[in-house]
Structure formats: C-alpha cells, structure tokens
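The following exercises concern side-chain contacts and solvent accessibility.

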Amino acid sequence: PGGAPAYTEFTQDLGAARSSGSFQITGLSGLTADKFVDVKQTATAIAAKGSARDEAEMESISLTGYVVSATVIGVFWKATGVVVGAYQFAYLVSG
C-alpha cells in the first residue's frame, strides 16, 4: 500500500570556493534522532544561476545526512572540485 517514498527538494548555498563542508536543514518537525537521511544533488533548475540544470554534471556533489533532532537534519558534503553558490538537492529520511 502507498506509493514510493517522496524526496523533499531544497536549495542550499554552499558558499564560495569550497570543496567540502556541512550545513543543516532546519524548521522541520516530527523527525527521530539518528535516522539516516539520503541526500542527493538534483537537476532541478537553479533560479540563482539563470535556471541552470547542468550543475550535477559540471560539479558533482556527494552528500551524507542524519537526523540531529526532531527539527534538524545535519548534512556533510564533498564536491569533485571547487563549488560556489546555490545548488539543488533533495532528501529522504529513512523509515
């Protein structure tokens, strides 16, 4: 019963001239601490970059996430090169 799990899309600014780092997704509710979170880079258009969709091809970013608290997801990321500015991602919290 039910459909496939749905990812939640979001935009995140990774800053300037970095190849790795971390950020938090906040303002959430009902999460269970220490759950695994699958976070992926998407090909959704990035408004801040002229609606570019090719960032995943040009600057691949790997992400790992976990639930910090009922309202926060922590994410660590690493890029294949130096990245700048906003990127599109999506997350799915494990069951």
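**Exercise 1: A residue of the surface patch**

F76 is found in strand β5, which spans residues 72-83. The model is a predicted one.

Task: Determine whether F76 is buried, partly exposed or exposed, and state which residues make the nonpolar surface patch of about 260 Å².

Solution. 
Step 1. The relative accessible area of F76 is 47%.
Step 2. Buried requires under 20% and exposed requires over 50%, with partly exposed in between. F76 is therefore partly exposed at 47%.
Step 3. The nonpolar surface patch is made by Y66, V68 and F76 and covers about 260 Å².

**Exercise 2: The salt bridge**

Task: State how many salt bridges are counted, and which side chains meet in a salt bridge.

Solution. 
Step 1. The count comes to one salt bridge.
Step 2. The side chains of D38 and K40 meet in a salt bridge, with an N to O distance of 4.0 Å. The criterion to apply is a side-chain nitrogen of Lys or Arg within 4 Å of a carboxyl oxygen of Asp or Glu.
Step 3. As for accessibility, D38 has a relative value of 24% and counts as partly exposed. K40, at 39%, likewise counts as partly exposed.

**Exercise 3: A glutamine in a strand**

Task: Locate Q41 among the strands, decide whether Q41 is buried or exposed, and identify which backbone atom its side chain reaches.

Solution. 
Step 1. Q41 belongs to strand β3, residues 36-41.
Step 2. The relative accessible area of Q41 is 16%, so Q41 is buried; the limit for this class is under 20%.
Step 3. The side chain of Q41 reaches the backbone nitrogen of I61 at 2.8 Å.

**Exercise 4: Aromatic pairs**

Task: Give the number of aromatic pairs in the structure. Then classify the geometry of the pair F10 and F89, and explain which parts of the chain this pair ties together.

Solution. 
Step 1. The structure holds five aromatic pairs.
Step 2. For F10 and F89, the ring centres lie 5.8 Å apart and the planes are at 40 degrees, so this pair is tilted.
Step 3. F10 lies in strand β1 (residues 8-13) and F89 in strand β6 (residues 86-93); the pair therefore ties together parts that are 79 residues apart in sequence.
Step 4. F10 is buried, with a relative accessible area of 12%. F89 is also buried, with a value of 0%.

How values were computed
Residues numbered from 1 in each chain as written. Predicted model: local features only at pLDDT ≥ 70, side-chain atom pairs only at ≥ 80, totals over all residues. Heavy atoms only, no water. Buried < 20%, exposed > 50% of the residue type's maximum accessible area, 1.4 Å probe, protein only. Helix = DSSP H or I, 4+ residues; strand = E, 2+ residues; numbered from the N terminus. Polar contact = N/O pair within 3.5 Å; in protein donor to acceptor, adjacent residues only side chain to side chain. Patch = residues over 30% accessible without salt bridge, like charges linked within 9 Å, V, L, I, M, F, W, Y side chains within 5 Å. Areas by Shrake-Rupley, 256 points an atom, 1.4 Å probe, with all protein chains shown as cover. Phe/Tyr/Trp six-rings, centres within 6.5 Å; stacked < 30°, edge-to-face > 60°.
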